[in-house]
Amino acid sequence: MFEGKEYVYEVYKEKSFSKAAKNLYISQPSLSATIKRIEKKIGFPIFDRSITPIGLTEYGQRYIHAIESIMSTEHDFERYISELKELKIGTLSIGGSNLFTSYVLPPLLSEFTKKYPLIQINIVEDNTSNLESHLLSGNLDFIVDNIALDETLFQQYVYQEEHLLIAVPKEYPINEKLLDYQLSLEQILSKDYLAESVPIIPLKNFKDYPFIFLKPNNDTMKRGVKLCKLHGFTPRVLFELDQQSTAYNIACSGMGICFVSDTLVSKSSYSHNVVYYKLNVDVSKRNISFYSKRNKYITYAMGEFLKIIS
């Protein structure tokens, strides 16, 4: 019914078929024929041709009103698409645990907001299980984690590799016998400790000391248990906690040994109250990744964020 509305609107604006035809770069007979086809389709005349300059019939007034409403909607949508492409509007919602929202996201989001200050950023801090649910429901665009999620449900974007270290309270006497295994901050920050020439600590040296673990089903906890078993002992667990940063802080207070990622050590305040040791690389290595819901439409904001993390 509104096909050819631009022709009708041009005649309405100019109040003349000849002027409208000139503006539209078509012949006047062709324009007149087009208008008549439209009038025939809607069943009523749009223009009152009995007056000079031509005017609108009662039906024509409602038709023009409808055209203007459609054109306004089209214009608003075109502007919306244009602003989306230029990232002048939009949102970006990302979830993660305390570790990632505190140490991984801030520099990435800082870079993003410098480029796109008008994009609204939403951060959700929660455990992995709840974050997965938020991602599947569409409440989040991305979550960041260091575990492997179901690839049939989630699309993975690897950000960086990380490794677990073991942090031992400095006051423990065993450290004096293990000087050749101890890592410096420089080695951790530069990742030089991953070189084959840097020895792996025999974990059995710590079998008589208390450990601080994360709760069951946490990836760090699983790897810690596996590493201890590889060295022939079951650790004596003093605490089971939710957050790696909490376990690390308790270890720094001297209460027990913990497994900690080099991400946390390098991003947080380096503690001289613990001694760091290298672990079996195959077991301690994992990826920090961003995940989106598989087959989810990637918005312009999401696409630009992926460029930053790649």
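Colleague: What volume does the largest pocket have?
Modeller: This is a predicted model: local features need pLDDT of at least 70, side-chain atom pairs count only at pLDDT 80 or more, and totals for chains, interfaces and linings use all residues. Residues are numbered from 1 along each chain as its sequence is written, and side-chain values use heavy atoms, without hydrogens and water. A pocket is an open set of points on a 1 Å grid over the protein atoms alone, where a 1.4 Å probe fits, with protein on both sides within 12 Å along at least five of seven lines. Counting the space filled by probe spheres set on the points, joined across faces, edges and corners, the largest pocket has about 560 Å³.

Colleague: Which residues lie nearest the centre of the largest pocket?
Modeller: Lining residues have an atom within 4 Å of a point. The largest pocket has 25 of them. Nearest its centre lie Ser97, Asn127, Thr128, Asn218 and Asp242.

Colleague: Which element gives the largest share of the lining of the largest pocket?
Modeller: Helices (H or I, at least four residues) and strands (E, at least two) are DSSP runs, numbered from the N terminus. The largest share, 3 residues, comes from H5.

Colleague: How many charged residues line the largest pocket?
Modeller: Ala, Val, Leu, Ile, Met, Phe, Trp, Tyr, Cys and Pro count as nonpolar, Asp, Glu, Lys and Arg as charged, and the others, Gly among them, as polar. The lining has 6 nonpolar and 12 polar residues. Its charged residues number 7.

Colleague: Which helices each supply at least two residues to the lining of the second largest pocket?
Modeller: This pocket has a volume of about 180 Å³. Its lining includes Tyr80, Leu84, Asp141, Tyr300 and Ala301, and divides into 7 nonpolar, 3 polar and 1 charged residues. The helices are H4 (58-85) and H13 (300-309).

Colleague: Which strand gives the largest share of the lining of the largest cavity?
Modeller: A cavity is a set of grid points where the probe fits but cannot get out. The structure holds 1 cavity of 30 Å³ or more, and the largest has about 50 Å³ of space. Ile212, Phe213, Leu214, Thr220, Met221, Ala247 and Phe259 line the largest cavity, and 6 of its lining residues are nonpolar, 1 polar and none charged. The strand that gives 3 of them is E8.

Colleague: How far apart are the closest N and O atoms of Glu39 and Arg49?
Modeller: The two form a salt bridge (a side-chain nitrogen of Lys or Arg within 4 Å of a carboxyl oxygen of Asp or Glu). Glu39 sits in helix H3 (residues 28-42), and Arg49 lies 10 residues away in the loop between strand E1 (47-48) and strand E2 (55-56). Glu39, at 9% relative accessibility, is buried (under 20%, with exposed over 50% and partly exposed in between, 1.4 Å probe, protein chains only), whereas Arg49, at 39%, is partly exposed. The closest atoms are 3.0 Å apart.

Colleague: Which residues join Asp219 in one salt-bridge network?
Modeller: Asp219 and Arg223 meet in a salt bridge, 2.6 Å from N to O. They are 4 residues apart in helix H9, so about one helical turn separates them. Asp219 is buried at 15% relative accessibility, and Arg223 is buried at 19%. Through shared partners, Asp219 is joined with Glu162, Arg223 and Arg286.
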